[in-house]
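Here is a short walk through one protein model. Keep the sequence and the 3D view side by side as you read.

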Amino acid sequence: MIRGLSPYALAVIARLEWTRDDLRPGKVAAALRMWRGFVRNPYRRLWVDYPDNGCGIFECCGAPWEARQLLETVMLSMSERSARELHRLVERLDEMY
């Protein structure tokens with residue numbers, strides 16, 4: 001569930017998560033949470049990308065840059081109307097960054 005999105009946009013995201021091989025249910029919400037957490041963190045400028053990529057689980061050790069790229073990819077795959085809704089949420093975070 002992503003607050004701020006209409007049921008239509010949520011349905012579009014759910015369909016993408018079920019039909020695309022690079023996504024799975026909940027991955028877009030996890031990417032948005034990760035990007036939001038990174039952007040709101042006052043110590044974000046000290047972020048270090050570790051060469052071993054941590055545990056390899058996106059929700060645990062994924063990089064915020066990877067999360068932002070995933071959000072961009074999803075927005076490009078969505079219908080114009082639903083992409084505009086998600087873009088509005090992501091744009092607010094981008095402005096904070």
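Rings of Phe, Tyr and Trp, the last by its six-membered ring, count as a pair if their centres lie within 6.5 Å. In this predicted model, that rule gives six aromatic pairs.

Take the pair of Phe38 and Tyr97. Their ring centres are 6.0 Å apart and their planes meet at 35°. Planes under 30 degrees apart would be stacked and those over 60 edge-to-face, so this pair is tilted. Phe38 belongs to helix α2, while Tyr97 lies in the segment after α5. The pair therefore ties together parts that are 59 residues apart in sequence.

The two partners can also be described by their accessible area. Phe38 has a relative accessible area of 6%, which makes it buried. Tyr97 has 37% and is partly exposed. Both belong to a cluster, in which ring pairs link Trp35, Phe38, Trp65 and Tyr97.

The charged end of Arg81 sits over the ring of Tyr8, 4.3 Å from the ring centre.

Now turn to helix α1, residues 7–19. At 1.5 Å a residue, its 13 residues should span 18 Å. The end C-alpha atoms are 18 Å apart, so the two values agree.

Which residues of α1 are buried? They are Ala9, Val12, Ile13, Leu16 and Glu17. These residues cover an arc of only 135° around the axis, so they lie on the same side of α1. That buried set packs against α2 (27–40), α4 (64–77) and α5 (80–96). On the other side of α1, Pro7, Arg15, Trp18 and Thr19 are exposed.

Notes: Residues numbered from 1 in each chain as written. Predicted model: local features only at pLDDT ≥ 70, side-chain atom pairs only at ≥ 80, totals over all residues. Heavy atoms only, no water. Helix = DSSP H or I, 4+ residues; strand = E, 2+ residues; numbered from the N terminus. Expected span 1.5 Å × (residues − 1). Buried < 20%, exposed > 50% of the residue type's maximum accessible area, 1.4 Å probe, protein only. Arc of directions from axis to C-beta. Contact = heavy atoms within 4.5 Å. Lys NZ or Arg CZ within 6 Å of the ring centre and 35° of its normal.
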